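The structure is shown below.

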Amino acid sequence: MVVDPQGMIVAVNPTLARLTGYAAGELVGRSCSLLGCVSCGIQGRGEACVLRGGAAPDSVVCQTRTKDGRRLRLAKRARLLLDAQGRIQGAVELLEPLAAGLGGDREAGMADFAGCQLVGEAEERGCLLGRSPAILGLLGVIDGLAAWPEPVLIRGERGSGRQEAAQALHRVGPWREGPLYRLDGRRVRPGHWTLLLSGRPGDLLLTRLECLPTVSQEGLCRALGLGWLSVRVLAVAGENLAALVGRGEWSEQLYYLLSRQVVETPPLRQRLEDLPELAAHWLERLAPGGGLALAEETISILAAHGWPGNLTELARVLGVAVARCRGRLLLPCHLPAYLRPSPEGRGQRPVIAGSEIMAALRQSRGNQTQAARLLGVSRVTLWKRIKRLGLDPRRAYS
């Protein structure tokens, strides 16, 4: 919770409300003495009150009282909030249950309190897969920052894997055993940073940095300059952030504090040799165990595209192709129209081109039954199409 200089509660998170049985509206605007903590107090009751300078950086045991009168043992950490002249503006307290069965989790509570999300490994999308010079260079930079404790600016085009780069930085970083939070810059409000002043050290993935309001830029700049935050900031920005700074539309001082170390994520068009591995990863996610594969002609079409949407666009394209495919081989006719405009009318089955038939025969080593299965048609349909086009199946694998 957050209290003002007089000990009046100004903010609580859902975890504290759940533990104490009070609704947030019943706590905000009331004196913190309502909770009846026996190890501290205000108005002269107790020497351990943070507002009287008695708070320690380590946790202290605090026995408080729930709404229904039950006693609740908590571990409490507190930190003063000071202005530029060193005057007390309030305090932030992090409370955790000690007794078994009371529930609550430090990271989950902090996430609720600060409006953050906890980031898990399940969210990784395989954006950093590949052996191209561009991706190997990125991974080398990340490994080189394993011991770096200060903020990192992650810059690149939308969909280029910036958030996965932040996750990789967290995995190798000094607080890899701690939590990784994510906070959308559009959601930050004045005073938001005070909610991240205490707690277990970890990393904060700050997205949409360009959208950070001016007043929140000033608050973050001050918190970083004074070393207040208990988390390291991994800030994600687009390529236009420097231009915003140059036009005076974004804080130059904050940009300096965040950009002492910069990680650049390469766009997909600079790492086209990674396409087969990236596509295989996504196909397995889209159809686990389905054994889907890309025809050579399909890979050629994908490699010729400019990918303005980067990896996000690739995932969307493959999703469309998987939905259209009835076999195991993704053909050019399965791709969205803007990649390969199709002459077939709506609702009609795509006409299989001769090159697609030959690709399926090559993959099946001439087995027409297996090739038909890859193409999603019957063996008789495939045989008729081969005859109509005058194809020689032996040329596919000779």
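## Overall composition

The protein has 14 helices and 13 strands. The model is predicted. Of its 398 residues, 49% count as buried.

Among contacts between residues at least 6 apart in sequence, 65% join residues at least 24 apart.

## Nonpolar cores

The largest nonpolar core contains 25 residues. Within this core, Trp 193, Leu 209, Leu 220 and Trp 250 have the most contacts. Two or more core residues come from each of strand 8 (180-184), strand 9 (202-207) and strand 10 (231-237), and likewise from helix 6 (214-226), helix 7 (241-246) and helix 8 (252-258). Another core, of 23 residues, lies apart from the largest one; Leu 294, Leu 302, Val 322 and Leu 335 are among its members.

Leu 209 can be followed through its contacts. Leaving aside residues up to four places away in sequence, Leu 209 touches Leu 153, Ala 235, Val 236, Ala 237, Leu 241, Trp 250 and Leu 258.

## Ser 259

Ser 259 sits in the loop between helix 8 and strand 11 (262-265). The relative accessible area of Ser 259 is 19%, so this residue is classed as buried, the cut-off being under 20%.

A polar atom of the Ser 259 side chain lies 2.5 Å from the backbone oxygen of Tyr 255.

How values were computed: Residues are numbered from 1 along each chain as its sequence is written. This is a predicted model: local features need pLDDT of at least 70, side-chain atom pairs count only at pLDDT 80 or more; totals for chains, interfaces and linings use all residues. Side-chain values use heavy atoms; hydrogens and water are left out. A nonpolar core is a set of buried Ala, Val, Leu, Ile, Met, Phe, Trp, Tyr and Cys residues joined through side-chain atoms within 4.5 Å. Buried means under 20% relative accessible area, exposed over 50%, partly exposed in between (1.4 Å probe, protein chains only). Helices (H or I, at least four residues) and strands (E, at least two) are DSSP runs, numbered from the N terminus. Contact means heavy atoms within 4.5 Å. A polar contact is a pair of N or O atoms within 3.5 Å; within protein, one must be able to donate a hydrogen and the other to accept it, and residues adjacent in sequence count only if both atoms are side-chain atoms.
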